Amino acid sequence: MGKIGVGTVSVGPEAKRLINEALDKNRISQGRLVRRFERLFAAYHGPTTHAVAVGTGTAADTLALAALYDRGAQRGDEVVVPALTFIATVNAVVHAGFVPRFVDADPLTWQIDPAQVAAVITGRTRAILPVHLFGKPAPMDELVALAAQHDLAVVEDAAEAHGARYRGRIVGTLGLMGAFSFYSAHIITTGEGGAVITTDEDLAGILRSLRAHGRACKCEVCRLNVSSAYCPLRFQYGDDVDTRFFFERLGYSEKMNELEAALGIEQMARLDDIVEARRANLFYLNEQLAEWAEFFQFLTEAPHERLSPLVYPLVIRPDAPFTKRQITQYLEHHDIDTRPMFGSIPTQQPAYAFMGHRLGDFPHAEAVGDRGFYVGVHQDLTRADLDTIVERISEFIRQSLR
Ligand SMILES: Cc1ncc(COP(=O)(O)O)c(C=O)c1O
């Protein structure tokens, strides 16, 4: 039996057909397949939603934030982020030219603690960037209310939560923009890739400009690329100023390509089934491991939400008779892959030492960093795989109790 991994990739016949077609036609950079994927992804999130596909999930976060410069933000303004997240969320804030203001996690949900957000809002705060971490929705009611009160944008980092719901609404649609990742360990994948969704048509155009170096073109379909047809906007800025080589904003080179989009098109047809399978796996593991609840805190679903689990996280309780290192080593020696649950970016990752926070500033995020790890919960795990995970964890605990 192979290793029980934390992620999965399966490429079906439709994706292969589309990829081969693109290769045969020598059409590999952003074009028709990317647009088709964008439309499928947008439609999944509602009839008035626009989707702009980009190179990675990090780029999705970055470009969504950079779009705020068109809405009055200034470089050096602040963005509120959870201390407990994957580092890409915070890197995106910095890459976009903003300053991250960190908020500790709620120790029960591991999501940003809304009660602590108001304390970090200043006159320079422009946005809140909540993360639906591990596929569990962030506390959006409180965050959206705070944002309205302080005139802030809400950009959701839904990189880990495709298809999750909060009070019946799908995540990514609860703020001004929602950012997704299609990295291969994620719920659906294009290999590498990301997308920003929004119902604001003007913002969608700005995002299209941002992914293509900030050029003045914002159209969904470029007439000049489809054929050599006349474009009425081409010389809108002057007789000798070609719009395609006129750059309105500081942009990025973050396009998705046709081969990636082909993978995404196929995955969209399976998204709901994938989410269902992951949910069933999560609930099965929670049920089977319930006898060890005195040693672990589990990922659970509240009545107002519908999880779309990325992974199966476990936080070891402080008085458990074993350490994270001991249990993860045991699982890995038995071919069950594990990963750490990220922890506090400002105080546990040297990359953010320059911000001057001190260990102890974000105790709940740090506790997750010290005692949290995850195993897989993905759709390609079999019942036997899940039972193996349960057996190995149980076996390890019994040995530690001896
Ligand atoms: C919460 C979160 N945000 C952003 C990203 C960035 O996505 P990508 O790896 O596609 O750049 C990831 C994962 O990688 C993530 O987990």
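1. Strand E6 (residues 165-166) pairs with E7 in the antiparallel sense, over two bridges. Pairing here requires that DSSP finds at least two bridges between the strands. Within this pair, Arg165 has Ile170 of E7 as its bridge partner. Strands (E, at least two residues) and helices (H or I, at least four) are DSSP runs, numbered from the N terminus.

2. A note on the model. It is predicted: local features need pLDDT of at least 70, side-chain atom pairs count only at pLDDT 80 or more, and totals for chains, interfaces and linings use all residues. Residue numbers start from 1 along each chain as its sequence is written.

3. E6 and E7 belong to an open sheet of three strands, ordered E7-E6-E11, with antiparallel pairing. Strand E7 (169-170) and strand E11 (305-306) are at the edges; each has a single partner strand, so one side of each is left without a neighbour in the sheet.

4. The protein splits into domain 1 (13-268) and domain 2 (271-401). These bounds come from an automatic or database domain assignment. The C-alpha centres of the two domains lie 28 Å apart. Domain 1 gives 30 residues to the contact and domain 2 gives 27 residues. Contact means that C-beta atoms, placed from the backbone, lie within 7 Å.

5. Which elements give two or more residues to the side of domain 1 that touches domain 2? They are helix H4 (87-95), E6 and helix H8 (258-268). By class, this side of domain 1 has 18 nonpolar, six polar and six charged residues. Nonpolar covers Ala, Val, Leu, Ile, Met, Phe, Trp, Tyr, Cys and Pro; charged covers Asp, Glu, Lys and Arg; the others, Gly among them, are polar.

6. Strand E1 (residues 50-54) has five of its five residues buried, so it is largely enclosed by the rest of the structure. Buried means 20 or more other C-beta atoms within 10 Å of the residue's own, with C-beta atoms placed from the backbone. Both faces of E1 are covered, with His50, Val52 and Val54 on one side and Ala51 and Ala53 on the other. E1 pairs with strand E9 (residues 194-198), antiparallel, over five bridges. Ala51 has Ile197 of E9 as its bridge partner.

7. The ligand is surrounded by 15 residues; Thr56, Gly57, Thr58, Phe86 and Ser181 are the closest. A residue is near a molecule if its C-beta atom, placed from the backbone, lies within 6 Å of it. Helix H3 (57-66) and H4 each supply at least two residues of this shell. H3 gives the largest share, three residues. The shell divides into five nonpolar, seven polar and three charged residues.

Key
Contact = placed C-beta atoms within 7 Å. Buried ≥ 20, exposed ≤ 12 C-beta atoms within 10 Å, placed from the backbone.
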